[in-house]
Amino acid sequence: MTIELALRSILLADVSVFTLVDSRIYPGVLPERPQYPAITYRQVSGRPAATHQGPIDPSRGRWQFDVFSTDYQSTKDLARLVIAALDGYKGDVAPHANIGACLHINTLDIYDIILQTDKTSTDFMILWSSI
């Protein structure tokens, strides 16, 4: 789970993001009865780099960050902060992973009928290796 911890660490280290969500950045899904705003993240596609001898670094994958808030504008504002924190990121996130590239590739606005909240999904293509 090193890349997951690295991505969460990058967002928590961003003062603008942290000010709004505190530690409400979750892998996968929101907890039951979440407090907003909040962020979830997950890998939605990708594959480890490999040779006939087995996996090698770096790996690459598409990661989705879902931003939830109680109104459309707050959701969009937080999504912009997530994009600003991650897009173009490159470097070590010790002790978790080395990010070789992190590129914003897609954004989608959704109203989540089940949660009755606004959601913005942002996708990133990320190249990473273990430290």
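Predicted model: local features only at pLDDT ≥ 70, side-chain atom pairs only at ≥ 80, totals over all residues.
Biologist: What makes the span of helix H3 close to the expected one?
Modeller: H3 runs over residues 72–86, 15 residues in all, and reaches 21 Å from its first C-alpha to its last. The span expected at 1.5 Å a residue is 21 Å.

Biologist: Which residues flank H3 at its start and after it?
Modeller: At the start, a side-chain oxygen of Asp 71 comes to within 3.2 Å of the backbone nitrogen of Gln 73. After the helix comes Gly 88, with a positive phi near 85°.

Biologist: Why is Lys 76 called buried?
Modeller: Its relative accessible area is 14%, and buried means under 20%, so Lys 76 is buried. Other buried residues of H3 include Leu 78, Val 82 and Ile 83. The buried residues of the helix pack against elements including helix H1, strand S7 and strand S8.

Biologist: How do you know that Lys 76 and Asp 109 form a salt bridge?
Modeller: Their side chains meet at 3.1 Å, N to O, and the cut-off is 4 Å, so the pair counts as a salt bridge. The pair joins distant parts of the chain, with Lys 76 in helix H3 and Asp 109 in strand S7, 33 residues apart. Asp 109 is partly exposed, with a relative accessible area of 33%.

Biologist: What makes the pair of Arg 62 and Asp 123 a salt bridge?
Modeller: The N to O distance is 2.2 Å, against a limit of 4 Å, so the pair qualifies. This pair also links distant parts of the chain: Arg 62 lies in strand S5 and Asp 123 in strand S8, 61 residues apart.

Biologist: Why is Asp 123 called buried, and why is Arg 62 called partly exposed?
Modeller: Asp 123 has 2% relative accessibility, and buried means under 20%, so Asp 123 is buried. Arg 62 has 29%, which falls between the 20% and 50% limits, so Arg 62 is partly exposed.

Biologist: How far along helix H3 are Arg 80 and Asp 77 separated?
Modeller: They are three residues apart, which means a separation of about one helical turn. Their side chains meet in a salt bridge at 3.2 Å, N to O.

Biologist: Why is Trp 128 called buried?
Modeller: Trp 128 has 11% relative accessibility, and the cut-off for buried is under 20%, so Trp 128 counts as buried. This residue lies in strand S8. Beyond its neighbours within four places in sequence, its contacts include Ile 3, Pro 58, Trp 63 and Ile 99.

Methods: Residues numbered from 1 in each chain as written. Heavy atoms only, no water. Helix = DSSP H or I, 4+ residues; strand = E, 2+ residues; numbered from the N terminus. Expected span 1.5 Å × (residues − 1). Buried < 20%, exposed > 50% of the residue type's maximum accessible area, 1.4 Å probe, protein only. Contact = heavy atoms within 4.5 Å. Polar contact = N/O pair within 3.5 Å; in protein donor to acceptor, adjacent residues only side chain to side chain.
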